[in-house]
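Please read the report below with the sequence and the model at hand.

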Protein chains: 2
Amino acid sequence: MSLFGFFKRQTSAPVARERLQVLLAHERTVVGPHSDLVAILREEIMAVIAKHMAVPQDKVQIKMDRGASVSTLEVDIEIPASVVGLRPAA
Amino acid sequence: MSLFGFFKRQTSAPVARERLQVLLAHERTVVGPHSDLVAILREEIMAVIAKHMAVPQDKVQIKMDRGASVSTLEVDIEIPASVVGLRPAA
């Protein structure tokens, strides 16, 4: 199984658009001080992306799973063709 | 194939440690103004993570692939047990 296979499984629609996907997994052996890391990084990574492009809120899908030993986050952003150019960094 | 299967395939070692994995894919139909997005986000996401924990440089694996239509980034960080506590946000 490859990472690229996962990303490509959703690319069959012949629509001209861009997509940005972010997957994050935090694996830990004990419940420790980093237990909220995925939730924290979710907010901060979304802020980083929003610095560079207008993120259409209705085109963002976020899935989060906080398990006992592995927490995962999946963010899928469909970028409309109308979004032109990178925003300058703040 | 599931995302969780990908993340779990590397968890067999019975070592007490934490791991943070970040996968990023940028899919585009034409070469446009976002063509360097993955490289830009790589630097900024690493900075976001470093705000919260001491990232041991020798325990970071980064794979980046810039294709014509899909660019991907994979970051795998092994967090040593000696790293205690979340850093306060800057």
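A nonpolar core is a set of buried Ala, Val, Leu, Ile, Met, Phe, Trp, Tyr and Cys residues joined through side-chain atoms within 4.5 Å, where buried means under 20% relative accessible area, exposed means over 50%, and partly exposed lies in between (1.4 Å probe, protein chains only). This is a predicted model, in which local features need pLDDT of at least 70 and side-chain atom pairs count only at pLDDT 80 or more, while totals for chains, interfaces and linings use all residues. Residues are numbered from 1 along each chain as its sequence is written, chains are lettered from A and ligands numbered from 1 in the order in which they are written, and side-chain values use heavy atoms, with hydrogens and water left out.

In soluble globular proteins, nonpolar side chains tend to be buried together. The largest nonpolar core here has 34 residues, and the members that touch the most others are I49(A), I77(A), I49(B) and I77(B). Two or more residues of this core come from each of β1, α2 (37-52) and β3 of chain A, and likewise from each of β1, α2 (37-52) and β3 of chain B; helices (H or I, at least four residues) and strands (E, at least two) are DSSP runs, numbered from the N terminus. Leaving out residues up to four places away in sequence, I77(A) touches, among others, L20(A), M46(A), I49(A) and V60(A), a contact being heavy atoms within 4.5 Å.

Side chains of opposite charge can pair when their charged atoms come close. A salt bridge is a side-chain nitrogen of Lys or Arg within 4 Å of a carboxyl oxygen of Asp or Glu, and over all chains the structure holds ten of them.

| Salt bridge | N to O distance |
|---|---|
| D76(A) and R19(A) | 3.2 Å |
| E27(A) and R19(B) | 3.9 Å |
| R42(A) and E43(A) | 3.5 Å |

Because D76(A) lies in strand β3 (residues 70-79) and R19(A) in strand β1 (residues 18-27) of chain A, their pair ties together parts that are 57 residues apart in sequence. D76(A) and R19(A) are both buried, and a network of salt bridges links R19(A), D76(A) and E27(B). E27(A) and R19(B) are also buried, whereas R42(A) is partly exposed, at a relative accessible area of 27%.

Where does S69(B) lie? S69(B) is in the loop between β2 (60-66) and β3 (70-79) of chain B, and it is partly exposed at 38% relative accessibility. Beyond its neighbours within four places in sequence, S69(B) is in contact with H26(B), E27(B) and R28(B). S69(B) and H26(B) are 43 residues apart in sequence, yet their C-alpha atoms are 8.1 Å apart in space.
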